[in-house]
Amino acid sequence: MQIRKTETLPVRNAADVVGVRQAVRKWAVELGFSLVEQTKVVTAASELGRNMIDYGGGGTMRLESLDDGIRRGLRLHFEDKGPGIPDLNAALRDGFTTGSGMGLGLGGAKRLSNEFDIKTAPGEGTHITITRWKGVS
Amino acid sequence: MERIPILKMGRCLLVSIQIDMDDRTAMTLQDDLTEQIVKHRAKGVLIDISSLDVVDSFIGRMLANTAAMARILDADTVVVGMQPSVAITLVELGLSLKGVRSALNVERGMELLRTIARDLTGEAEPDADQED
């Protein structure tokens, strides 16, 4: 697996979430993603970016352009140093929220991605990784 | 922060969202719309989202809440022009926008609002409202 390009953006406020969407869109277009693929990965990034601000005290998003020899893809890392997620199963359930949102962010972002990985522990922050491959539904 | 303009046409309010809104801009639009509905005694609200290439759960919730608030204030809301890729993504995200009426484009949306108004009053709504 080759990482062809990488970039890190700060995610601290509502305006940064717009920046996240624009950057992810730009990279997805560069990778030749279809319009639906672009929209799915941009929407997932928007959910995870907002979550990080609402629950993780802000953090960063790292973009990686991937090439595994057969496929090209986009991997996004969302990292915060917030309180972590105490009950991961509950947090992934649709409709579960400890805030004012709809509780669709985590589960929704997972459904919109080809690969989803989350590492979290109380007091140690949260690191969510999503990957979307070109041409994989 | 940018502000989305709201146009008044007869008893309807028209909004066309042309920018990638941040969350505060979206909340301001929701507040502005509810205020304008009361101020102009609007019976219909048409929100054109054909320029939006992303509708995430926050924007989706804003649209659903606006429609619910408008209903309580005696106005109907139609969301028009959603891009197919946005519709596909919204459903996969888990947001069905129940309670939000939709139409393919502005023209059909206006037709729908007129039909709703006619059904409620038993006659056609006047095109222009001269009194305010």
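This is a predicted model: local features need pLDDT of at least 70, side-chain atom pairs count only at pLDDT 80 or more; totals for chains, interfaces and linings use all residues.
In chain B, strand 1 and strand 2, the latter made of residues 12-16, pair in the antiparallel sense over four bridges. Within these two strands, B:Leu7 of chain B stands opposite B:Leu14, which belongs to strand 2 of chain B.

From this pair one can move on to the whole sheet. It is an open sheet of five strands in chain B, with the order 1-2-3-4-5 and with mixed pairing. The edge strands are strand 1 (6-9) and strand 5 (101-103) of chain B, each of which pairs on one side only. From one strand to the next, the twist averages 25°.

Two helices of chain B lie across strands of this sheet. Helix 1, residues 23-40, lies across strand 1, strand 2 and strand 3 (44-48) of chain B, and runs at about 155° to strand 2 of chain B. Helix 2, residues 57-72, lies across strand 3 and strand 4 (76-80) of chain B, and runs at about 155° to strand 4 of chain B.

The remaining step is to see where the chains meet. The contact takes 23 residues from chain A and 18 residues from chain B. On the side of chain A that touches chain B, the elements that give two or more residues are helix 1 (14-30), helix 2 (35-56) and helix 4 (105-111) of chain A, and the largest share, nine residues, comes from helix 2 of chain A. The residues on this side of chain A divide into ten nonpolar, seven polar and six charged.

Definitions and conventions. Residues are numbered from 1 along each chain as its sequence is written. Chains are lettered from A and ligands numbered from 1 in the order in which they are written. Two strands pair if DSSP finds at least two bridges between them. Axes are lines fitted to C-alpha atoms, for helices over the stretch in contact, and angles run from 0 to 180 degrees between N-to-C directions. Two residues are in contact if their C-beta atoms, placed from the backbone, lie within 7 Å. Ala, Val, Leu, Ile, Met, Phe, Trp, Tyr, Cys and Pro count as nonpolar, Asp, Glu, Lys and Arg as charged, and the others, Gly among them, as polar.
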